[in-house]
Amino acid sequence: MLALFLGAGRHEQAGASVPPPPAVRRSPRLKLAAGATLLLVCGGIGAFVYAAGNRRAATPGAGDVAIAITDRTCEPATLTVPAGKTSFVVSNRGERVLEWEILDGVMVLEERENIAPGQSRRLTTQLHPGEYAITCGLLSAPRGRLIVQASATQPTPALTLMDMVGPAAEYRALLTERSAAFGAALDAFAQAREAGDTQAAAAARHEASALLPALRPATAGDSALERLFGKAQAALGGDVAASPDETRQAGEAFRTALGQRTVLPDTMLAGAIALLSAEDGETVPDETVAAARGIAQLLLPLTARIDPELAARTKADLAGLPREAKPGGTQPGGTLRPLAEDLLAMRKALALPEAERKS
């Protein structure tokens, strides 16, 4: 190209007195477009070379936590790090572009996206004590665990409203799922009654009655919601010959009000404690115990950040619960009493100051 350019220059000098024919002249716009195209080509080649060089995995430093991800797993699948500032070096050993995330319930705390095969990316973050999930390859792959241990010299972090967003969002998703199942049972009850199928109506009403207690913890401290819950419970517990429209209306009124409420952890725990309480001689139904267990498990990571010993004790309480359903339910004493006591301590630990709650 250089020889052609110089040759063309000499040709122009030799015939400078003779203007070139119109067909040979090039417009300035055409020259500008050609130059821009050349720059784009060169830039693309440079970017390709740079990307090819960056595909090599970086070697983690002495203070880095190394983790490799594939399409199906993390290596290692469980990480334990001290609380505070932590630097991770994430290497993609899979066959496709992947991402790595640190999850607190349904919230993404930190992430690195678009990690190409063979590439390594660094992620530096400030971590509080607790247990978190980490993504390992594809969304369908089992998640790993990130355990952040508290330091004896590190002061206990004060909780803020932002710390409650993750558990509140996860509990809202759980309530939405259970509320939808409750609504479906109400619809099935009404349809079966209209069709004159008493057996199907009785089964649907029994299912709705079993699903309703799992929604009760969200009503704690809200008199209006507790009143609507009581109406729905009374409608389901009435005579089989009662109007299905009234039952469905009472249930739908409760579901609508429930969907408009955000439930904070101390309210969840107040409701869970109420579920585990029973009058003398009464038992706690298995569905009720399961609802209280779900709330405790949901709030264990947040509790571990504030009081690791309380979290460990509550985890042991949950492990001691009966694994199989008992006929007639579970007695309020025995394994339920220590769980209720620890949930009360958990409620005090996770309660926000009134000023923070209203912010």
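# Reading the definitions against a predicted model

Trainee: How do you know which contacts in the protein chain join residues at least 24 apart in sequence, and what is their share?

Mentor: Among contacts (heavy atoms within 4.5 Å) between residues at least 6 apart in sequence, 68% join residues at least 24 apart. This is a predicted model, in which local features need pLDDT of at least 70 and side-chain atom pairs count only at pLDDT 80 or more, while totals for chains, interfaces and linings use all residues. Residues are numbered from 1 along each chain as its sequence is written, and side-chain values use heavy atoms, with hydrogens and water left out.

Trainee: What makes T288 buried?

Mentor: Buried means under 20% relative accessible area, exposed over 50% and partly exposed in between, with a 1.4 Å probe and protein chains only. T288 has a relative accessible area of 6%, and is therefore buried. T288 lies in helix α8, and, not counting residues up to four places away in sequence, T288 touches P213 and L275. Over the protein chain, buried residues make up 36% of the 359 residues.

Trainee: How many helices and strands are there, and what makes a run count as one?

Mentor: The protein chain has eleven helices and nine strands, where helices (H or I, at least four residues) and strands (E, at least two) are DSSP runs numbered from the N terminus.

Trainee: Why are the buried residues of α6 said to be on the same side?

Mentor: In α6, P244, T247, A250, G251, F254 and L258 are buried. They cover an arc of only 135° around the axis, which puts them on the same side of α6; the arc is that of the directions from the helix axis to the C-beta atoms. The face turned away from that buried side carries the exposed residues E246 and Q249, whereas the cover over the buried residues of α6 includes α3 and α5.

Trainee: How do you know that the span of α6 is close to what is expected?

Mentor: The expected span is 1.5 Å times one less than the number of residues; α6 has 16 residues and reaches 22 Å from its first C-alpha to its last, close to the 22 Å expected.

Trainee: What makes a set of residues a nonpolar core, and which residues touch the most other members of the largest one?

Mentor: A nonpolar core is a set of buried Ala, Val, Leu, Ile, Met, Phe, Trp, Tyr and Cys residues joined through side-chain atoms within 4.5 Å. The largest has 49 residues, of which Y171, L212, F254, L299, L343 and M346 touch the most other members. Helix α8 gives the most to this core, with eleven residues. Leaving aside neighbours within four places in sequence, L212 is in contact with F182, F229, A232, Q233, L236 and F254.

Trainee: Why do β2 and β7 stand at the edges?

Mentor: Four strands form an open sheet of mixed pairing in the order β2-β1-β4-β7. Strands β2 (74-75) and β7 (120-127) each have a single partner strand, so one side of each is left without a neighbour in the sheet.

Terms used
Two strands pair if DSSP finds at least two bridges between them.
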